[in-house]
Amino acid sequence: MNYDSSTSVDARELSAADGLLILITRALDKLKPGDTLEILSDNASTQHDLPAWSRLNAHRWLGTVAQNGRWRHRIEKGSVLRVLTDKELDWGNRAPIKDGRFDTRNWLLGRAGEIQRTAQPSDGFAPRGASVEEGSPEFEFDVLERNRAWSHGAAEFYEQATAGHWDASRDIPWRELHTLDEDLERAICQLMTFLAENEFSALYVPAKWIARIHPHFAETVLFLATQVRDEARHIEVFVKRALANGGGLQFSSASTQASLKTLMDQQDFVQASFMLSVLGEGTFLDLLRYIETHAPDQVTREIARRTRIDETRHVHFALDHIRSVLQSDAGLKDSLYRAIANRASILSGMKGLNPLVEESLVILAAGGLSPDRLSSATKARIQLYETMHENRVRRLTAIGFSNREAEEVSELHTPNFM
Amino acid sequence: MSDVIKVGVVAYDPKVVTIWEGIKEYFTAHSIAMDFVLFSNYDAQCDALLDGWIDIAWNTNLAYVKIYRRTGGNCGVLAMRDVDVGFTSKVIAGAKTGIQTLRDLKGKRVAFGSRDSGQAAILPRYFLKQNGIDPSQDITAIRFDLDVGKHGDTGTSEVEVLNAVINGEADAGAVGDQYWARALTENLLDNAVRAVWTSPEYCHCNFTIREKTDERRFAAWTNALLAMDYNKPAERKILEMEGLKRWVRPQLDGYRALFEAVDELRFFN
């Protein structure tokens with residue numbers, strides 16, 4: 001329907017209590033203050049109802065004429081804004097939908113696609129592109145800068161994440177479990193305990209930042225939500241593996257807890273993301289590959305494989321995020337370095353990885369405590385540490401660190417892997 | 001006399017404190033020292049104004065008429081709400097009663113609000129009489145005398161009038177159009193009741209002062225009040241709670257009917 005400065009609606013028998021007021025309100029919404037709306041009605045009570053409604057809604061009542069058994073009412077639209085905003089609404093942008101698929105990368109339409117340099121605290125929970133009423137409360141989000149909180153790749157990684165969800169109860173071949181050598185089972189249970197506690201930090205850290213990042217940077221928040229969901233599944237599957245085969249949860253060391261606590265204590269989103277995902281989860285990729293390679297059973301192998309695929313996504317998201325942060329502000333590299341050095345000094349009393357975990361890595365590769373295999377298994381474990389270091393350096397150089405800087409940062413990384 | 005302008009307000013609801021703290025804050029921001037004094041009923045507030053305890057009284061139409069009489073017409077009015085102009089009362093009737101005009105009310109049960117409510121009792125009775133229906137003879141009047149002293153501000157008696165008509169305890173009833181518009185918007189009617197008659201327009205609340213000649217003394221206060229803007233978030237919050245879009249200058253013609261009504265009912269005798 002097109003409206004001009006004088007518009008008419010035919011309300012027929014509708015009464016004011018039955019939707020007529022909505023019809024009138026929507027018609028007035030399309031008019032400018034001072035324009036006239038004519039309402040035709042067959043309902044006698046409208047002549048009593050509409051003047052009262054107009055007065056209380058600050059529209060001018062122009063009167064009623066009875067005509068051939070109908071009533072013709074006229075209202076002049078008042079100047080009061082229903083919603084206190086002067087921002088225009090978008091209308092008419094159609095999303096590109098290919099093969100029935102609306103990809104999140106394609107939702108940057110009109111104002112929904114305008115990523116502000118600094119998000120407005122009073123935009124609160126309004127989705128980006130909505131017209132927010134003045135007087136809305138200021139939220140206490142403190143990650144407000146685009147160059148800290150948003151990256152082009154987030155939408156793509158979010159798409160990958162939603163497509164890649166799996167079910168730890170059903171998608172692991174639990175029925176294939178069989179009794180293992182007790183030393184080997186104990187080593188696996190210790191590794192699962194260690195993995196689960198690390199994954200708790202990988203759940204809590206992004207969860208904490210979700211609550212602090214402004215919803216304007218929705219892609220980042222949505223991706224982090226998938227990361228939280230992934231980690232929930234990982235915690236579930238690692239704990240289940242520890243419990244499934246007659247073993248049980250093993251030791252959690254003070255050194256591991258201390259290392260993970262420093263991740264929770266980070267007060268800067270970029271630094272936290274760098275430590276957790278680029279360095280920590282990055283290192284975990286090699287750990288999970290190692291477990292997958294040496295796992296004596298199909299269940300442990302499948303668990304390591306599936307969790308590694310998820311973790312790879314987290315690492316790639318973080319690499320993309322940190323790379324774009326550093327591109328917009330190269331000076332931030334120093335602050336990342338300082339944060340790593342600071343964490344290293346807090347953890348300076350830490351001698352190395354929890355020995356129980358380190359031994360378990362060797363026992364896993366040896367398939368037990370058989371003396372003839374422990375030697376080569378020890379070498380495999382040493383090789384793992386070297387691979388972890390090399391891959392950290394490779395990732396760091398990929399996002400803008402020089403080789404020397406990358407070596408240094410990698411050396412400073414916590415011996416706890418995460 | 002201190003420089004702080006004291007405004008009397010009847011506390012018909014806890015929100016009155018929130019509203020007036022907001023208004024006080026607004027005046028403070030405009031460098032006008034103002035405070036409010038709460039009263040539990042309009043009689044006490046009228047006495048306080050006449051005794052000089054307060055400078056301005058936020059009055060119902062009935063309280064204004066009372067002050068007017070007691071000052072021999074010397075009192076003044078500073079401002080009122082936009083919704084206080086063009087106020088009407090409605091006669092509402094049950095949809096199945098067949099009542100379509102005032103004449104149909106004869107012999108029927110008609111519900112009224114509190115006896116000191118201008119919109120739901122005093123003026124409807126007056127207008128009915130003007131239109132040939134004598135409330136004391138031609139109808140069976142049902143009264144809901146609730147919150148007497150607050151001049152119908154709480155709206156509780158109008159709720160009872162509407163409910164009585166909806167559930168058939170009364171065939172018809174009288175309510176103010178402000179409550180009626182709310183009932184329409186909030187879908188309280190259940191198609192069981194409709195408006196059949198609208199009274200002539202009259203005025204409702206206003207800011208009354210003791211002496212008309214003092215209007216200039218309060219000019220800064222009045223002008224600041226009139227400048228409150230519904231399109232500004234903080235001011236909108238206050239105006240919304242008080243049920244208006246803007247404050248307007250007084251229109252004193254709108255009290256004529258109430259003067260006649262209280263005389264006829266000997267209300268203040």
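In what order do the strands of the open five-stranded sheet with mixed pairing that contains β1 of chain B lie? The order is β2-β1-β3-β11-β4 (chain B), where helices (H or I, at least four residues) and strands (E, at least two) are DSSP runs numbered from the N terminus, and two strands pair if DSSP finds at least two bridges between them. The model is predicted, so that local features need pLDDT of at least 70 and side-chain atom pairs count only at pLDDT 80 or more, whereas totals for chains, interfaces and linings use all residues. Residues are numbered from 1 along each chain as its sequence is written, with chains lettered from A and ligands numbered from 1 in the order in which they are written.

In this sheet, the edge strands, each pairing on one side only, are β2 (34-39) and β4 (76-77) of chain B. Strand β1 (residues 5-10) of chain B runs parallel to β2(B), to which six bridges join it; B:V10 has B:F39 as its bridge partner in β2(B). Helix α1 (residues 15-29) of chain B packs on the sheet and touches β1 and β2 of chain B, contact between two residues being defined by C-beta atoms, placed from the backbone, that lie within 7 Å. The direction of α1(B) makes about 165° with that of β2(B); axes are lines fitted to C-alpha atoms, for helices over the stretch in contact, and angles run from 0 to 180 degrees between N-to-C directions. Helix α2 (residues 42-51) of chain B lies across β1, β2, β3 (56-59) and β11 (206-209) of chain B, at about 160° to β1(B).

Another open sheet of five strands in chain B, also with mixed pairing, has the order β8-β7-β9-β6-β10. Its edge strands are β8 and β10 of chain B, and neighbouring strands are turned by 30° against each other on average, direction ignored. Helix α4(B) packs on this sheet, touching β6 (89-94), β7 and β9 of chain B, with its direction at about 90° to that of β6(B). Helix α5 (residues 156-166) of chain B touches β6, β7, β8, β9 and β10 of chain B and makes about 150° with the direction of β9(B).

Within the sheet, strand β7 (residues 109-112) of chain B is joined by four bridges to the parallel strand β8 (residues 140-143) of chain B. Helix α4 (residues 118-130) of chain B carries the chain from β7(B) to β8(B) in a right-handed β-α-β crossover, that is, with the strands pointing away from the viewer, the path from the first strand over the helix to the second runs clockwise. Two bridges pair β7(B) with strand β9 (residues 172-176) of chain B, again in the parallel sense. B:A111 has the bridge partner B:I142 in β8(B) and B:G173 in β9(B).

In chain A, the axes of helix α5 (residues 182-210) and helix α8 (residues 269-294) come within 11 Å and cross at roughly 155°. The two helices α5(A) and α8(A) are therefore roughly antiparallel, a class that takes angles over 145 degrees. Residues making the contact include A:L191 and A:W209 of α5(A) and A:F269 and A:E281 of α8(A).

The contact between the chains takes 23 residues from chain B and 17 residues from chain A. On the side of chain B that touches chain A, α6(B) supplies the largest share, six residues.

Note on methods:
Parallel < 35°, antiparallel > 145°, perpendicular 65-115°, else oblique.
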